[in-house]
Structure formats: C-alpha cells, structure tokens
Amino acid sequence: MTAIEDLITRVAAKAKATSTALPPAATAEEVAEAEAALGFALPPLLARLYREVANGGYGPDYQLLPLIGEGRTVLSEYRSERSASAEEEIPYWPAGVLPILDWGCGMYAAVDCRGETAAVLLFEPNALTDDGAEAWFVDAGSLAEWLETWLAGTGWYREDADEHEDVAEPTPWETAAARIGE
C-alpha cells in the first residue's frame, strides 16, 4: 500500500466515523465533467477523495463541499468567486485555486490546482485592503499535509488550538499577487 492509498483509507475511515450520512462518491465521469467545466485538472489526491471517499460531506469542521450536484459545490463556488473577483477594482481570486471548504464569514480553504504540491490555502476576505494578495495564506504545503493535520486533530481551526504549541498558523501566500495577476 502506498502512502497515498494509506492516507485515503484513513480519511475514509474518519469520514465514516464522524459524518452521519456521507453522500455517494462522485463517478470518474462526473470528476471528468467537473474538470472540463473548470478548464483544469484536479490534483490526483483531490480527485481520488471525491471518487473514492465521498462527494464532500466530511473533513474539518464545516466539511468539504461537494464537487458536483445541487446547491453549493466546488464548481459553483469557484465560478462565483472568479466572477466576483473579475468585477472588482482589485481582483482577489486566482485562476486554478479551487475552494473546497467554506469556513464561514467568507473564508475558504482552497486547493492550488496549478501548484506542484496542491497546497491548501486559506482565503480570509477580512484581510483585503488595497491588494487582493493580502487575503491569501498557506494553510498547508500540500493537500496530503492538510488531511494529516485533520486526522491528527491539530488544525488551527480547533476550538482548543490556542492551548497547543504544535498548531501551525497559516502564513502569507508569497505568490498570491503574481497568481492573481495572471
């Protein structure tokens, strides 16, 4: 078993243990349709999570958005944020950065689908000033790392995070300005 297969197995087990009713997994065809609509491929691990675990409904606190389907989805939120960003005087949402979890208050966990490591970013709109890049932070260097943090219960979003020294705070995303400008 590879490290990724082991990670998916552990994520699936925790998803089943912590979610009352997981939606069915997305089919390979649905993932391909979503990628065609987005205009870019999902990172392999993210695609496998949607195909092998469930179409959202698990994960840290507010849980992963469904990739496809009715209501709010990864696809609809990406389109909405990109469209709203394009209408602003100062754009703020980079192409290829896919919102996967809504933290509330306009904040998202998002995966950089164009980056080599599929970093998980935190979008914090309250940090927007005169530069859209100021609202972007690196939550984890990769999707695998972010999932490991959730599995270990050591994320910054935990209510008791302030009591633990091992909780890493998100740091500014240094390439945000360049990516927004593309």
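Okay, let's start with a pair of side chains: Asp-102 and Arg-72 make a polar contact, at 2.6 Å. Keep in mind that this is a predicted model. The Asp-102 side chain also reaches the backbone nitrogen of Gly-104, at 2.7 Å.

So where does Asp-102 sit? You'll find it in strand S1, which runs over residues 97-104. And is Asp-102 buried or exposed? Its relative accessible area is 18%, and since buried means under 20%, Asp-102 counts as buried. If we skip the neighbours within four places in sequence, Asp-102 is in contact with Tyr-62, Leu-65, Arg-72, Met-107 and Tyr-108.

Now, S1 also turns up when we look at helix H3, residues 44-52. The buried residues there are Leu-45, Leu-46, Ala-47, Leu-49 and Tyr-50. What do they pack against? Quite a list: helices H1, H2, H4 and H5, plus strands S1 and S2.

Let's zoom out. We've got six helices and five strands, and along the sequence they go α-α-α-α-β-β-β-β-α-β-α. The radius of gyration is 16 Å, close to the 16 Å that the globule rule gives for 182 residues, so the chain is as compact as a globular protein of that length. Buried residues make up 47% of the chain. Of the contacts between residues at least 6 apart in sequence, 55% join residues at least 24 apart.

As for the accessible surface, that's about 9100 Å², with 51% belonging to carbon and sulfur atoms.

Key. Residues are numbered from 1 along each chain as its sequence is written. This is a predicted model: local features need pLDDT of at least 70, side-chain atom pairs count only at pLDDT 80 or more; totals for chains, interfaces and linings use all residues. Side-chain values use heavy atoms; hydrogens and water are left out. Helices (H or I, at least four residues) and strands (E, at least two) are DSSP runs, numbered from the N terminus. Buried means under 20% relative accessible area, exposed over 50%, partly exposed in between (1.4 Å probe, protein chains only). A polar contact is a pair of N or O atoms within 3.5 Å; within protein, one must be able to donate a hydrogen and the other to accept it, and residues adjacent in sequence count only if both atoms are side-chain atoms. Contact means heavy atoms within 4.5 Å. The radius of gyration is taken over C-alpha atoms; the globule rule is 2.2 Å times the number of residues to the power 0.38. Accessible areas come from the Shrake-Rupley method with a 1.4 Å probe; for residues, only the protein chains shown count as cover.
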